[in-house]
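These are my notebook entries on a structure that I had not examined before. I record what I looked up, entry by entry.

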Amino acid sequence: MAGFGEGVEPPLGAVMPEGTRFIGPVGLAANWRPGDAPSDDDLATCVACGLCLPHCPTYRLTGEESASPRGRIAAMRAVADGRANVDATFARFMDLCLECRACEDVCPSHVPFGRMMERARVQIEPLRTRRARFVRWLGLSVVLRRRWVLSLGRRLTPLARPFLRKRVRTLVPGGGPGRRVARTTEPEGPAKGTVALVTGCVQDQWYRPANRATVRVLARNGWRLIAPRHQVCCGALQAHNGRLSTARKLARRNLAAFRDADWVVVAAAGCGAHVKEYGDLLGGEEATAFSARVRDLMEFLDEQGVERPGHGPAGEGPIRVAYHDACHALRAQRIKEQPRAVLRLIPGVEIAEVPDGDRCCGAAGLYNVLEPDMSDRLMEQKAASIASTEATIVASANPGCTMQIAAGLRNAGRRLEVLHPVELLDRAYAAADARADDR
């Protein structure tokens with residue numbers, strides 16, 4: 001049985017442990033469950049047509065077949081057929097993937113590449129060093145699963161900032177989050193129904209103003225809001241990084257936490273895409289029915305309708321807003337026109353389309369920490385594209401993207417404000433109310 005290192009060049013930028021042998025027993029990966037490997041049915045959907053290649057960010061940057069969806073699926077199939085081992089080169093092929101799912105958007109065979117990648121990463125987890133496994137366990141299974149630990153980490157960040165690597169310092173936002181959203185918020189006027197808000201982990205600790213704006217906007221438009229305190233991390237980062245068992249535990253807890261709501265609304269695109277897939281992750285009627293009630297915030301506002309603001313967020317003058325399409329909104333959830341339609345309701349807002357706006361910004365969950373070289377190249381491209389629009393505000397509906405884009409713009413010397421789109425709508429309502437009070 002061959003290993004992928006035999007006669008195969010690693011992708012550009014690959015870093016392999018010294019002395020790694022790519023031919024060896026599959027026992028290194030013996031701890032993963034067969035059910036968490038890419039299924040034969042999923043593997044069979046790919047016909048290797050290659051239409052995905054020009055849309056894959058890592059293939060576009062490297063030109064390596066192994067850095068393309070088709071190449072990665074070929075590697076998965078070779079392991080499934082027993083023609084190759086799960087080894088260090090196989091791991092490298094999978095690790096370099098952003099899981100942006102741009103390939104799914106153009107695939108005529110509807111290959112479920114995101115699901116396949118999650119399962120392939122379960123296979124490679126046992127190959128990682130003991131230190132790497134410990135760090136991942138600490139971050140994904142301890143810190144993110146316990147809100148108080150994450151909150152403590154955020155509070156200690158200012159003290160730790162001088163000791164962090166420069167690029168990490170650049171990524172981590174400064175400032176405090178302010179107060180948490182209330183457990184229950186009553187609507188203004190007759191209630192249309194009850195909406196449960198997924199407050200998130202990174203979103204809640206570093207971008208809490210977006211959550212508070214979400215509550216105000218939904219309440220203004222007639223929705224009763226609940227933010228269950230016993231909700232937990234959605235599990236997206238765990239699923240994307242080879243810890244499906246942890247992701248399933250978190251999903252089951254959230255099913256119970258959000259059981260009483262008419263709708264479950266998510267303001268973070270990455271979280272929303274994952275929560276919508278609880279039915280696939282867990283199986284069963286309850287999880288499938290739950291996923292059907294989940295909506296991205298901007299999708300929900302467009303679907304249900306919102307009050308048109310009587311005033312713009314920046315006085316009488318127009319503001320030019322560059323809209324960033326998060327991959328897990330555009331690709332996984334097929335959300336593109338809905339947020340733009342909502343923003344167009346705001347007087348004075350002009351939407352600027354970002355050149356190559358459908359290309360990943362390089363954040364991709366933990367990717368900007370685990371794969372800094374590739375991530376930085378994508379970040380620089382995205383920052384340059386946004387700067388070319390001459391916008392003064394960037395609208396971004398995913399905290400990882402917001403963090404990445406803000407850092408890229410700062411590195412380029414551009415001081416654009418990066419906001420969640422709902423914050424612009426909330427500012428417009430506030431400006432209209434203030435103007436009415438002055439009369």
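**Entry 1: a buried loop residue**

I looked up Val 306 and found it buried, with a relative accessible area of 17%; buried means under 20% relative accessible area, exposed over 50%, and partly exposed in between (1.4 Å probe, protein chains only). Val 306 sits in the loop between helix 17 (297–304) and strand 6 (319–324). Here helices (H or I, at least four residues) and strands (E, at least two) are DSSP runs, numbered from the N terminus. Leaving aside neighbours within four places in sequence, I list Asn 221, Leu 301, Leu 345 and Tyr 429 as the contacts of Val 306, where contact means heavy atoms within 4.5 Å. Asn 221 is 85 residues from Val 306 along the chain, yet their C-alpha atoms are separated by 6.0 Å.

**Entry 2: the model and the whole chain**

I note that this is a predicted model, in which local features need pLDDT of at least 70 and side-chain atom pairs count only at pLDDT 80 or more, while totals for chains, interfaces and linings use all residues. Residues are numbered from 1 along each chain as its sequence is written, and side-chain values use heavy atoms, with hydrogens and water left out.

I found 23 helices and nine strands in the protein chain. Of its 439 residues, 56% count as buried. Among contacts between residues at least 6 apart in sequence, 78% join residues at least 24 apart.

**Entry 3: helix 22 and its partner**

I then turned to helix 22, which has 13 residues and reaches 18 Å from its first C-alpha to its last, close to the 18 Å expected at 1.5 Å a residue; the expected span is 1.5 Å times one less than the number of residues. Ten of the 13 residues are buried, so helix 22 is largely enclosed by the rest of the structure. Among them are Pro 399, Cys 401 and Thr 402. Gly 413, with a positive phi near 75°, follows helix 22.

The axes of helix 21 (residues 372–387) and helix 22 (residues 399–411) come within 8 Å and cross at roughly 75°. That makes helix 21 roughly perpendicular to helix 22, a term for angles of 65 to 115 degrees (under 35 is roughly parallel, over 145 roughly antiparallel, the rest oblique). Helix 21 contributes Ser 375, Met 379, Lys 382, Ala 383 and Ile 386 to the contact, and helix 22 contributes Gln 404, Ile 405, Ala 407, Gly 408, Leu 409 and Asn 411.

**Entry 4: aromatic pairs**

I searched the whole structure and recorded five aromatic pairs. The rings of Phe 134 and Trp 137 have centres 5.8 Å apart and planes at 35°, so the pair is tilted; rings of Phe, Tyr and Trp (its six-membered ring) pair if their centres lie within 6.5 Å, with planes under 30 degrees apart stacked, over 60 edge-to-face and the rest tilted. Phe 134 and Trp 137 are three residues apart in helix 7 (residues 130–143), about one helical turn. Phe 134 is partly exposed at 48% relative accessible area, and Trp 137 is partly exposed at 40%. Ring pairs also link Trp 223, Trp 263 and Phe 300 into a cluster.

**Entry 5: positive phi**

Arg 101 is not a glycine, although its phi is positive, about 65°. Arg 101 lies in the loop between helix 4 (88–95) and helix 5 (102–106). Is Arg 101 buried or exposed? I found Arg 101 buried, at 11% relative accessibility.

Note on methods
Axes fitted to C-alpha atoms, helices over the stretch in contact; angles between N-to-C directions.
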